[in-house]
Amino acid sequence: MYDYDLLVVGSANADLVIGVERRPGAGETVLGTDLAVHPGGKGANQAVAAARLGARTALLARVGDDDYGRLLLDSQRAAGVDTVGVLVGGAPTGVALITVDPSGDNSIVVSPGANGRLAPEDVRAAASLFHASRVVSTQLEIPLETVVEVVRCLAPDSRFVLNPSPPRPLPREVLAACDPLIVNEHEAKVILGDACVSERPEDWARILLAKGPRSVVVTLGAEGALVASGTGVSRVPSVRVDAVDTTGAGDAFTAALAWRLGTGEPLAEAAAYAARVGAAAVTRAGAQASYPTAAQAEAL
């Protein structure tokens, strides 16, 4: 019996968000809206998104002993996330500088801060969390050697989900554990590198699958998603909504997918549900504040 449906190992940032009419070019200054501060970071986002949907969720992360760190802890606890694995201190809390244009598209620069101090020994010290979790999800806003240690600490029957963001080449050991590897178009092209010989997402999915993951999901924004496994490649349709802010939508998708896979739902069906959750998230401003409950997601 697992105590947690999902353990998220990853980053926790304060999101500093400014709306702009357009993003500045090199050497250019543009005026924006008043600064808004939201709890964020891909790991913290995924944990909140899963907990809002009803998943029993724990977070393994590191924050600073500062106001931003307290903001992040308060947000996790308010959503119902177990923060027993959140370590405090060692560096300032990570910060993400985000600009959002009128279409809802965003650009993000991240200062890792304490996220860069989440170390392999922190993962080993949290062995009890891994053995208590049905699914483990992580990203690449923490050191790659820490992600490798996550793979090595997985319980025998647990499932590993990876969103390699920001993207970088991955060790075969990590790729082989992914079930699924979840990438957007940019992440797919970086990981494929010279193997990206096609502009067709279906081909990206097949080539990525050949690199070792047990399954692959390619998210395509308004065009939906592709899922690939040993049984083939299929497309998951998008849910049409009026986008307000896409910040954190991919994290909502990943969290929803990871949770539903842990319940035994097939990959394509879990991805379809995740697409509804991601669509609901873009209809409101911010990352964690935009995440829907299960009832709100089902309404789409």
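Asp67 and Arg70 form a salt bridge (a side-chain nitrogen of Lys or Arg within 4 Å of a carboxyl oxygen of Asp or Glu), with their closest N and O atoms 3.0 Å apart. The structure holds 18 salt bridges. Bear in mind that this is a predicted model, where local features need pLDDT of at least 70 and side-chain atom pairs count only at pLDDT 80 or more, while totals for chains, interfaces and linings use all residues. Residues are numbered from 1 along each chain as its sequence is written, and side-chain values use heavy atoms, with hydrogens and water left out.

**Salt bridges within a helix**

- Asp67 and Arg70 sit three residues apart in helix H2 (residues 67-79), so about one helical turn separates them; helices here are DSSP runs of H or I, at least four residues, numbered from the N terminus.
- Asp67 counts as exposed at 59% relative accessibility, whereas Arg70 is partly exposed with a relative accessible area of 41%. Buried means under 20% relative accessible area, exposed over 50% and partly exposed in between, using a 1.4 Å probe and protein chains only.
- Helix H3 (residues 120-125) holds both Glu121 and Arg124, three residues apart, about one turn of the helix. Their side chains meet in a salt bridge at 4.0 Å, N to O.
- Glu121 is partly exposed at 48% relative accessibility, and Arg124 is partly exposed too, at 42%.

- Asp251 forms a salt bridge with Lys42, the closest N and O atoms being 2.6 Å apart.
- This one links distant parts of the chain: Asp251 is in helix H9 and Lys42 in helix H1 (residues 42-53), 209 residues apart.
- Both Asp251 and Lys42 are buried.

**Helix packing**

- H7 (residues 185-192) and H8 (residues 201-210) pack at about 45°, with axes 11 Å apart. Axes are lines fitted to C-alpha atoms, for helices over the stretch in contact, and angles run from 0 to 180 degrees between N-to-C directions.
- Glu185, Ala188, Lys189, Ile191 and Leu192 in H7 meet Trp204, Ile207 and Leu208 in H8, contact meaning heavy atoms within 4.5 Å.
- H9 (residues 249-262) and H10 (residues 267-281) pack at about 145°, and their axes are 8 Å apart.
- Residues of H9 including Phe253, Leu257 and Trp259 meet residues of H10, among them Tyr273, Val277 and Gly278.

Definitions and conventions
Helices (H or I, at least four residues) and strands (E, at least two) are DSSP runs, numbered from the N terminus.
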